[in-house]
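Dear colleague,

Please find below the structure that I am handing over to you. My notes on what was found in it follow directly after.

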Amino acid sequence: MLLESLRDQVLHANQEIARRGLAPHTFGNASGIDRSGPRPLVVIKPSGVDYATMTPGDLVITDLDGKIVEGSLRPSSDLDTHTLLYREFPQIGGIVHTHSEFATSWAQAGRPIPCLGTTHADYFHGPVPVTEPLTAEEVNEAYVRNTGVVIIRRFRLGGLDPVAVPGVLVAGHAPFAWGRTPAEAVEHADVLEYIARLAFRSVLLGAPEAGIPAHVSEHHYLRKHGPKATYGQR
């Protein structure tokens with residue numbers, strides 16, 4: 001069986017999506033990529049399979065063109081979004097797509113999540129961006145692939161770094177998050193839901209959507225991720 005270690009990581013990431021309540025039923029998916037071989041290979045959840053019964057052997061391996069390399073089940077219906085993000089964001093090693101309640105609410109409203117506090121600033125360097133809605137042509141041409149296209153477009157037009165902004169809201173749809181590993185992608189998806197919930201409640205309480213002062217958010221982000229980071233152990 002190919003990529004046994006990565007299969008285990010991706011299986012655990014998918015199980016964590018369910019355990020943390022980030023995707024009800026069989027919504028959502030997680031994947032990971034191995035870039036060490038002659039061609040990159042993606043391990044991804046099979047479509048519609050229950051998280052509780054999934055095994056490493058159920059996972060599907062494809063190349064970056066979506067061609068199945070190993071697996072008897074159909075891969076996630078979001079495969080083309082994952083493969084496009086892996087091609088365009090070579091820094092990432094894992095992707096998680098959820099339908100978590102509060103992050104999805106912001107996505108359905110078509111609103112970015114403003115940086116209203118230091119919890120947000122510790123993980124996202126600025127607001128959590130939201131894409132433009134897909135056009136009718138984009139939906140009819142290749143809906144799943146073009147979901148990835150609008151994500152990439154949003155990052156390029158905004159000059160955003162996918163390492164510093166490890167997630168996005170797809171307008172009218174739901175969030176995607178990523179990281180260096182499948183486990184880190186789950187962490188970012190979980191944090192994204194948490195700050196979405198905090199932001200929703202803060203806005204209801206009258207928090208200004210301009211957010212906290214830039215010098216505060218910058219300090220918090222850099223103390224954890226900057227070249228002179230002081231958070232955590234050496």
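In this predicted model, helix α2 (residues 79–88) packs against helix α5 at an angle of about 35°, and the two axes are 6 Å apart. The crossing of α2 and α5 is right-handed. On the α2 side, the contact is made by L79, D80, T81, L84, L85 and E88. These meet V144, R145, T147, G148, V149, I151, I152 and R156 of α5.

Strand β1 covers residues 29–34 and is joined to β5 by 4 bridges, the two strands running antiparallel. S31 has I95 in β5 as its bridge partner, and G32 has G94 in β5. To its other neighbour, strand β2 (residues 41–44), β1 pairs in the antiparallel sense over 4 bridges. Here D34 stands opposite L41 in β2, and a hairpin of 6 residues joins β1 to β2. How much of β1 is buried? Of the 6 residues of β1, 5 are buried, so the strand is largely enclosed by the rest of the structure.

Strand β5 (residues 94–97) has G94 and V96 pointing one way and I95 and H97 pointing the other way. All of these residues are buried. Strand β5 is also joined to β7 (residues 175–179) by 4 bridges, and these two strands run antiparallel. Within that pairing, H97 stands opposite F176 in β7.

A pair of aromatic rings is described by the distance of the centres and the angle of the planes. The count for this model comes to 4 aromatic pairs. In one of them, the rings of F102 and F200 have their centres 5.5 Å apart and their planes at 65°; the angle is over 60 degrees, so the pair is edge-to-face. This pair links distant parts of the chain, since F102 belongs to helix α3 (residues 101–109) and F200 to helix α6, 98 residues apart.

Are F102 and F200 each buried or partly exposed? F102 has a relative accessibility of 15% and therefore counts as buried, the cut-off being under 20%. F200, with a relative accessible area of 37%, is partly exposed. Elsewhere, ring pairs link F89, F155 and W178 into a cluster.

With kind regards

Conventions: Residues numbered from 1 in each chain as written. Predicted model: local features only at pLDDT ≥ 70, side-chain atom pairs only at ≥ 80, totals over all residues. Heavy atoms only, no water. Buried < 20%, exposed > 50% of the residue type's maximum accessible area, 1.4 Å probe, protein only. Pairing = 2+ DSSP bridges. Axes fitted to C-alpha atoms, helices over the stretch in contact; angles between N-to-C directions. Left-handed = near helix turned anticlockwise from the far one by under 90°. Contact = heavy atoms within 4.5 Å. Phe/Tyr/Trp six-rings, centres within 6.5 Å; stacked < 30°, edge-to-face > 60°.
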